[in-house]
Amino acid sequence: SQFVKMFPMNKSLTVGQNRFMNFGGTVFGGNTDFYGQNFEFSYDSFAIVMRHIDSMVLFTPTGDVDANGDPLTAAVQTSIAGLNGTLYIDNPYNKSGREDFGVFPYFVSESNGFAHYQKGSIHKNAYDSTVFYFEVDAFEVDSMETLDPGIMGFSGTLVSGGIFPDIRQEVRVMDDLSLGFETETPPGGYPIYGESGRYKIGRAH
């Protein structure tokens, strides 16, 4: 069976016909946690439609194992917010988990999401999340039980509140467990604050 667990907020959920469930709270799906409201579990499709995801938190292997030999993971420090999408738990014909379909669980986002960097630990909250963020393109993630976010990326656009022009890039898990990127500056550098100056250092990150 797949590692998917639901923890309804206030230990409360609404049950409808054919084991339909509506709830808000937390869902664990492999190496990913989802937090939000208006989650709908469909027994027929064996999936959870997530209509409002407050945050999606990825966990990446540390390289260490616990006492049982299972790999230990650490939370990626940059979550992805503002999503909606569907988490497919398993093949609908394999609800008992008799067969191992490694592609499950998998998640399909149906909207762009946002990675924010407004934290006290990052330049004392200097990056206002309303104007400085990375807008993540809609994406799909499969094989979430064995997912290693350290080797995957999310395409999107860095919006920097006018510091730089919008930059198309792909963010990955960095050494400090944040989502970020390194890139070569273009010939002539990036304009800063319109044309107030130019950033010409060879690599930007």
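This is a predicted model: local features need pLDDT of at least 70, side-chain atom pairs count only at pLDDT 80 or more; totals for chains, interfaces and linings use all residues.
The side chains of Arg168 and Asp137 meet in a salt bridge, with nitrogen and oxygen 2.8 Å apart. This pair joins distant parts of the chain, as the two residues are 31 residues apart. Arg168 belongs to strand S13, which covers residues 167-173. Asp137 sits in the loop between strand S10 (132-136) and strand S11 (140-141).

Asp137, at 21%, counts as partly exposed; the cut-off for buried is under 20%.

How many salt bridges does a search of the whole structure find? The search finds 3.

Glu40 forms a salt bridge with Arg51, and their closest N and O atoms are 3.1 Å apart. Here too the pair links distant parts of the chain, with Glu40 in strand S4 (residues 32-42) and Arg51 in strand S5 (residues 47-65). The two residues are 11 residues apart. Is Glu40 buried or exposed? Glu40 counts as buried, at 18% relative accessibility.

The remaining salt bridge to present is that of Arg172 with Glu170, where the closest N and O atoms are 2.7 Å apart. Both partners can be described in terms of accessibility. Arg172 is partly exposed, with a relative accessibility of 35%, and Glu170 is partly exposed as well, with a relative accessible area of 29%.

Ser109 counts as buried, with a relative accessibility of 6%, because the limit for buried is under 20%.

Which residues are in contact with Ser109, leaving aside its neighbours within four places in sequence? They are Leu83, Asn84, Gly85, Ala138 and Phe139. For Phe139 there is a further detail: its backbone nitrogen lies 2.7 Å from a polar atom of the side chain of Ser109.

To bring the picture together, I would ask you to look at the loop between strand S10 and strand S11, where Asp137 is found. Asp137 meets Arg168 in a salt bridge, while Ala138 and Phe139 are among the residues in contact with Ser109. Thank you for your attention.

Key: Residues are numbered from 1 along each chain as its sequence is written. Side-chain values use heavy atoms; hydrogens and water are left out. A salt bridge is a side-chain nitrogen of Lys or Arg within 4 Å of a carboxyl oxygen of Asp or Glu. Helices (H or I, at least four residues) and strands (E, at least two) are DSSP runs, numbered from the N terminus. Buried means under 20% relative accessible area, exposed over 50%, partly exposed in between (1.4 Å probe, protein chains only). A polar contact is a pair of N or O atoms within 3.5 Å; within protein, one must be able to donate a hydrogen and the other to accept it, and residues adjacent in sequence count only if both atoms are side-chain atoms. Contact means heavy atoms within 4.5 Å.
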